[in-house]
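Please open the structure in your viewer and keep the selection panel at hand.

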Amino acid sequence: MFDLDKFQEIWITITHNKSRSVMTAFGIFWGMFMLVAMVGAGVALERGISSQIEGFATNSCFIWTNPTSMPYKGFRKGRFWNMENKDLQILKSTIPEIQYMAPMIFAGNTNNNVTRNDKAGSYHIKGNFPAYNQIDNQKLIFGRYINDVDIAEKRKVCVIGERVYEVLFPHGENPIGKSIQVKSIYFQVIGVTRSNANINIGGDSMESVVLPFSTMQQVFNMGNSIHFMAMTAQPGVKVSEVEKKVYAALKTANNISPDDSTAVGGMNMEDQFTMFLYLGIGIASLIWIVGLGTLLAGAVGVSNIMLVTVRERTREIGIRRALGATPRVIVSQILTESVVLTLMAGTAGLMFGVGILSLAGKLLENSTGIIKDPQIGFGVGAGALLILLIIGTLAGFIPANRAMKIKPIEAIREE
Amino acid sequence: MIKLSGINKTYYTEATSLHVLKGIDLHIEPGDYVSIMGASGSGKSTLLNILGMLDNYDTGDYYLNNILMKDLSERQAAKYRNEMIGFVFQSFNLINFKNALENVALPLYYRKISRKKRNIIAMEYLDKMGLKDWAYHLPSEMSGGQKQRVAIARAIISGPKVLLADEPTGALDSKTTEEVMQLLTELNKSGITTIIVTHEKSVAEATKKVIHIKDGMIETIESNSKHLNS
Ligand SMILES: Nc1ncnc2c1ncn2[C@@H]1O[C@H](COP(=O)(O)OP(=O)(O)OP(=O)(O)O)[C@@H](O)[C@H]1O
Ligand SMILES: [Mg+2]
């Protein structure tokens, strides 16, 4: 029930005692501002972190090789080994839970290994399968990614990172169909990628030249070696399960002890996502605990100051009582004052906080760091206001009770 | 209008008790104009506060307008105060952050009269007091006499049957005292039962009856010859 007249009466009391009102409400303003700022920062941190792995399929895992750590079947411990093309066939035929499999090979970014006419740069060279695009989704700003025909025909084509394009080509030139030299061998550019994620396999993809896997093995004499493997699990299958089976199959196929825990290296996105999820929940709950604590401290402040003001206002309240205000009217007045002050200060804090956040958002717009786009949701704002309403009522409770007990006679008695 | 019989009031403090009113019997007719005099500490304010239901009494009966005012809840007391009684105090007791108009209108707020309506009525009363031009001034910007006239306007705006004034001229000089007394006399003539606690002879002389209190008892009730003659 909204009573305009009562509200006006309270409004007069609040506005005619400005400094008292501001003093009372400042704690809430500050608490709300802190809450908003922290939630915004937390959201930014979460967004920043998740943008690090943006584009990666959540059901993907990555596998590489390490020297063996146990002797097995006559092989000594510490043997270097590589996955090979035959392993692809074995995995494909024995583990149906694998959805996509993308073997990779790398050649380092040796001095000016990529050139075009008079321009040159040192870039990572990678041999990839088309399936890689299904695992780490590539944003193409020109052309297309490697396809099956490129692999089958061992075409001399390449997909280059955006930075490679910027260095080798004049601004705005369409690079598709143009040739560049990788380690003195000509390749035709079929696409340019821009990376979304900050996780890079085999070097920054913005500074990489990607060749068809088969072409790379052949022209650079790399035999059947595979340096790295990315794969995804079929929908509904946990990638960690698939990962275990792949480890076992690789060990059997390459004469490695089943108990060797380090020879096959890897990580899976499931674990990463779970970690980020828990990290996010942790950060969020910490923020809410601290933020609500600050707000609560603000509420205690409101309650305290109002308690003091009620004592100062004994005479005013006594006069009101003498003129016909019932104790209930006085209680309702003090409670409403508390709620109105709290809501106003809280809203001001909320708006100030949102303003600061959007300013920070503008400043961080182009950042690739782990803090990105600080914002708070509408729901958070609405929730905070609801909390304020409750806090305001609670804060007004003790002062209102004190005010109710003021007897007109005590207040009016001449000193 | 007012009938007191055997009113006793004792104040209890931690160590001692003080028997302030010792069996007050009093009858005040509608439209009476009464002053109460007595030494400091004799219980004048206590009596007036009981009449105004600002304080309660221990034993005895108090009838106001034929209604027994006994063991009232805070709520009932507030209602009766608002409807039947107007207060005027020595220190004015205006609300300092409200302007004259808002102060005068306040009793009507507690009667749930709309803001617009009560401001119109309050302005009429201020006009009657000759304070129309001061409607939007804060109490701190007014003289003692002006403040007391605002307080009187506030006391009568809700049309009370009884006006209770505790040393209304105690803080005023003799000229303003005279003005305020003229005002109260006029109000009494319009029919409001008026009871004034005072130390000043000139004030008591303006009323029709003077009640002398001593040590919590009514000593004498004297009728002012001046008024009897007139
Ligand atoms: N709340 C109280 N508790 C204890 N004693 C009180 C209380 N109120 C008044 N008294 C005492 O009761 C006595 C009468 O007080 P009261 O205010 O009625 O006197 P008064 O006649 O109005 O005096 P004055 O002329 O000085 O105003 C005084 O002695 C006073 O100290
Ligand atoms: Mg007194």
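How many helices and strands are there in chain A? Select chain A: there are 13 helices and 14 strands, where helices (H or I, at least four residues) and strands (E, at least two) are DSSP runs numbered from the N terminus.

This is a predicted model, in which local features need pLDDT of at least 70, side-chain atom pairs count only at pLDDT 80 or more, and totals for chains, interfaces and linings use all residues. Residues are numbered from 1 along each chain as its sequence is written, chains are lettered from A and ligands numbered from 1 in the order in which they are written, and side-chain values use heavy atoms, with hydrogens and water left out.

Residues from chains A and B surround ligand 1, so the site is shared between chains. Of the 15 residues around the ligand, those that come nearest are A:Arg413, B:Ser40, B:Lys44, B:Ser45 and B:Thr46. Helix 1 of chain B gives the most to this shell, with 3 residues.

Finally, display the N and O atoms, looking for polar contacts (pairs of N or O atoms within 3.5 Å). In the side chain of B:Lys44, an N or O atom is 2.7 Å from an oxygen atom of ligand 1. A backbone N or O atom of B:Gly41 lies 2.9 Å from a ligand oxygen atom, and for B:Ser42 the corresponding backbone distance is 3.3 Å.

Key. Near = heavy atom within 4 Å. Polar contact = N/O pair within 3.5 Å; in protein donor to acceptor, adjacent residues only side chain to side chain.
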